Amino acid sequence: MNENEPRGWGLLVGEARNGGSAGAQAELAGRLQEAMTGRGMTQKELATRAELSRGAVSNILSGKNVPHLDTLDKIADALGVTGQARTDLYRLRERADRRGRRLDGYLHAALSAARNHPYPGVLPGTARPLLKDVHVGQKAVLRRDSNSPRGTRESLSAEQALSGGRMCLILGGPGGGKSSLLRTHLIDLIERWLAGRGASDVPVLVPAAALGSVPLNRALASVVSAELASHGLVDELSAEFFANSPRPGVRWLVLIDGLDEIADSAARQRVLRAVDKVAHGKDAARYRFVVATRPLPEAEFRELDPRHLSYDLLPFATEDLTNVASVWFGSLLPDADAAAERFVQMLARAHLLQLARIPLMAAMLCQLHAAVPDRPLPSNRSQIYRDFIALLHKRQHTLSPAGIQPQQRAGVERYGLDAREGIERVLDHLHDLISRLAAERRSGNTSPALDIVELQPEARCPKRVPPDEWRAFLNSCLLGSGLLTDRAGKPVFLHQTLLEYLAARHAARDPHVFAQALHQVFDRPTAYRRSTGPPAGVSARPWHRRWYWQAPGDLSYVGFLIDRAQDSNPEAAASGLTRLASPRAGLQGCQFISAQIQLGTIMIRETADAAADLCHDLACDITFSEETRAIAACTLVGLRDQRAAGLCNDFARDTTLRDVRLAPAWTLVELGDPRGLDVCHDVARDTTLDSALRLAATWKLMERGDPRGLNVCHQFARDTTLDSFHRLAAAWKLATLDAPRAADLCHGLAHDTTLDSQLRLAAAWKLATLGDTRTADLCHRLAHDTTLDSFHRLAAAWKLVKVGDTRTADLCQDLAHDTTLEGQFRLMAAWKLVELGDPRTPDLACDIASNGDLWLATSWKLTELSDTRADHLARSTTLDGDPKLTDVRTLMWPLPFPISVQFADHKPPADDWDPVGPSFESTSRPQAPSWLQDIQPRPQWLFDEETQAEQSAQTRRPSMPPPWSTGRRKKNWVTPRRVRWPRHR
């Protein structure tokens with residue numbers, strides 16, 4: 001803390017909490033007045049230095065107004081308030097400002113809404129577990145190339161994917177846990193904010209359908225205010241609230257859910273364009289976006305900025321199912337752990353383990369098993385939904401306290417017999433009414449749900465019943481069904497897959513309508529160009545029309561249609577599926593069939609066999625590219641063909657394939673085949689392959705707990721023939737599992753002169769995070785290492801200050817005298833001594849300035865230190881010249897040098913960060929006052945002398961006519977009139 005700051009500035013602002021916003025405002029004004037008095041300044045002088053009006057300063061110091069953030073920055077700079085004292089001012093201002101109160105109210109309401117949001121697939125009357133309790137962490141893989149096999153990509157935790165600094169897309173299948181992931185991340189961030197730990201972003205969750213048609217801040221304000229009104233939000237949030245950053249240096253993290261629920265492709269692209277413009281435009285410092293959606297056509301993502309990241313959200317691991325079932329059974333069955341073990345064994349016998357890895361399916365299966373533990377589990381996905389909805393219907397009509405019917409009858413029965421008959425009619429046909437609503441929603445009808453339901457004959461308002469009361473009854477029926485939930489006062493489907501199942505059931509009610517629905521999804525002939533050729537696996541037909549059968553895009557809905565066809569008329573969908581398993585559809589048709597099998601759809605064995613034969617032929621055909629062949633081999637695994645494991649092993653062992661070998665190996669690992677890890681080990685040790693591919697194979701070994709992974713990772717980091725970045729990445733990965741060996745590696749990498757300065761310093765930072773006692777000696781040695789550049793040598797010295805080493809002062813003195821360092825870095829080392837309380841700073845600074853460097857910056861710093869040599873140094877004519885002003889740029893940076901911010905989290909600085917800035921070749925000493933206008937505090941002595949001479953020269957200079965004036969108008973010239981150009985018709 002600065003010794004000139006008043007006593008007590010380092011204390012927290014807890015004493016202002018009891019007084020509310022008024023107490024915080026009074027405390028803020030009192031501290032500013034105390035600082036002004038301590039500096040011996042008047043309000044007039046403070047207003048002049050801060051470039052504010054005297055009235056504004058007077059209102060702030062008297063407690064009448066709460067200063068704007070920029071205004072508070074100016075006043076704090078003029079008063080020289082830094083460190084913890086400045087942080088306390090920001091906290092007081094936040095509590096005094098109405099915006100701060102609104103942010104606090106928003107955080108509490110958003111947390112309540114996220115915690116109380118019903119988990120998809122929870123039966124009425126069931127003790128609902130908390131979302132965070134049943135949420136099990138999932139993995140995500142970075143999608144570098146949509147056409148590359150998944151095995152070639154690196155996996156990480158889904159929470160880590162959301163915590164990045166860039167806009168990202170989270171892609172997951174139906175019921176894959178996308179919405180739960182967003183809500184869990186929102187809960188975690190808000191809990192950190194309310195606990196005082198803070199975070200880099202403030203989350204806000206919105207549906208994608210609310211964006212794209214109005215400006216972002218207005219859309220956020222309307223949606224959030226409506227959804228949080230029933231969760232304790234008192235003040236309505238305005239568009240201005242979301243137009244500004246929630247706090248200084250903090251962004252809004254906009255979590256966008258349900259992009260795939262927008263039926264219109266053009267509307268989805270409008271939302272993506274609007275989000276992308278904000279994410280990579282002038283407002284990028286205020287907003288960051290995470291968009292969760294099912295996989296969409298690649299064409300819809302082509303307009304996005306290439307800097308965004310795309311992740312595929314993976315389902316549960318098989319070993320996680322026991323833990324998930326145990327959490328659900330904890331409130332449903334006695335001895336939850338034993339019940340979970342039996343449940344997982346039943347899943348294995350019913351061949352449902354793959355389907356149960358989908359989070360929504362796991363939740364529904366657990367509740368179905370808990371309701372009737374002795375009953376066999378459903379055999380496919382549609383049967384799971386059918387049994388679940390049947391159980392919902394049963395509980396709806398029960399007369400137990402958990403039932404829904406008594407609550408719904410209460411308000412309408414008093415209107416007579418017609419009203420009671422209307423109630424019975426609605427309850428008997430409730431699921432049919434909801435199915436019709438689902439069909440309308442899927443067709444793109446965005447009318448209010450109650451308007452759609454009320455138009456049906458079974459839901460018409462009885463006589464004598466007021467329309468508003470009848471609509472309230474219908475609304476309670478929809479919400480009480482367990483299939484819909486309330487969002488901003490409107491009933492919406494709890495999950496998109498529930499909507500799709502009910503829409504498919506509604507389409508199958510009539511054979512003619514059902515045939516039309518199947519025709520729309522399967523009859524999709526698509527032409528291809530002669531120049532590009534047919535898609536992979538499609539037979540070229542040069543003497544016929546160039547077209548192929550395109551696979552349907554909506555996997556979930558089409559899967560429900562196929563199941564309904566298998567139950568009623570298997571031949572209805574057989575022709576469409578047969579075309580997709582033939583060379584007329586190629587590899588993408590086989591991928592569709594494989595995805596349906598993975599989803600739990602009933603598939604005709606002949607169709608699956610035909611698709612498997614086609615995939616096998618494509619994988620063995622050397623005329624296709626390596627990527628296409630590898631994708632075909634991995635697709636064969638999804639088709640559950642017996643040849644898949646052997647083919648993947650052959651691909652993984654084929655050294656001529658090189659970059660695509662890891663994809664089949666990863667597939668073998670997922671199948672539980674030990675040959676997969678052996679291939680990963682071989683790939684990791686193959687020096688002819690790319691470093692990134694070898695590192696991905698190494699991480700796969702470590703993720704699976706293979707002891708060979710640690711040894712390979714250690715060898716990888718020590719291999720000097722590899723890329724420096726990947727060597728350092730291997731050392732960091734090793735630190736998570738084997739800290740002692742990782743510490744030795746980082747110590748060696750920091751001494752490796754073949755690495756660049758940034759990576760050597762990053763290795764030293766990692767050594768510090770591991771708590772190694774060699775960190776101080778290493779930083780001291782790096783600061784003296786002349787093979788490093790000046791920036792990173794000073795960074796090492798700053799790290800030595802952070803660890804509290806006693807050699808810091810002598811090190812700063814050595815760096816200030818070191819002529820191998822650039823001048824501005826030498827002066828920064830001297831200024832660091834001020835914070836350390838060392839009296840040698842003035843002498844060092846004068847020595848640096850006497851050599852012709854940084855004369856203006858030195859004079860300004862000496863002025864702060866009240867050193868009498870500052871005035872002599874500034875007025876010295878021997879130091880005049882253009883190069884002297886090149887260092888005025890350093891005065892723009894707050895002191896101490898911001899390297900402490902760059903390395904606060906032990907992260908290396910950016911490559912393009914320039915602490916000095918460009919040189920000013922055409923400037924000279926009289927131009928210094930113009931540069932000092934942006935610097936606080938400003939040495940007035942330099943303005944008085946230089947600007948007075950410049951102004952007197954300006955007054956004596958004769959007025960010159962403008963360049964466009966002619967010789968006939970030399971005296972009384974005027975600005976030429978505005979030219980109006982003719983408009984084009």
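**Exercise 1: a covered helix**

Task: in this predicted model, find which helices the buried residues of α29 pack against.

Solution. The buried residues of α29 pack against α27 (586–599), α28 (605–620), α30 and α31 (662–670). Helix α29 itself covers residues 626–638, and its 13 residues reach 19 Å from first C-alpha to last, close to the 18 Å expected at 1.5 Å a residue. Taking buried as under 20% relative accessible area, 10 of the 13 residues qualify, so α29 is mostly covered. Among them are Arg-629, Ile-631, Leu-636 and Val-637. After the helix comes Arg-640, with a positive phi near 60°.

**Exercise 2: α23 and α25**

Task: classify the packing of α23 with α25 as roughly parallel or oblique.

Solution. Helix α23 (residues 496–507) and helix α25 (residues 555–568) pack at about 40°, their axes 9 Å apart. Angles under 35 degrees would count as roughly parallel, so α23 is oblique to α25. The crossing of α23 past α25 is right-handed. On the α23 side the contact includes Thr-497, Glu-500 and Tyr-501; on the α25 side, Phe-560, Leu-561 and Arg-564 are among the residues involved. The contact residues divide into seven nonpolar, two polar and three charged.

**Exercise 3: α30 and α32**

Solution. Helix α30 (residues 644–653) packs with helix α32 (residues 675–685) at about 10°, with axes 10 Å apart. Ala-645, Gly-646, Asn-649, Ala-652 and Arg-653 of α30 meet Arg-675, Asp-678, Val-679 and Asp-682 of α32. Here the contact residues comprise three nonpolar, two polar and four charged.

Note on methods: Residues numbered from 1 in each chain as written. Predicted model: local features only at pLDDT ≥ 70, side-chain atom pairs only at ≥ 80, totals over all residues. Heavy atoms only, no water. Axes fitted to C-alpha atoms, helices over the stretch in contact; angles between N-to-C directions. Helix = DSSP H or I, 4+ residues; strand = E, 2+ residues; numbered from the N terminus. Parallel < 35°, antiparallel > 145°, perpendicular 65-115°, else oblique. Left-handed = near helix turned anticlockwise from the far one by under 90°. Contact = heavy atoms within 4.5 Å. Nonpolar A, V, L, I, M, F, W, Y, C, P; charged D, E, K, R; others polar. Expected span 1.5 Å × (residues − 1). Buried < 20%, exposed > 50% of the residue type's maximum accessible area, 1.4 Å probe, protein only.
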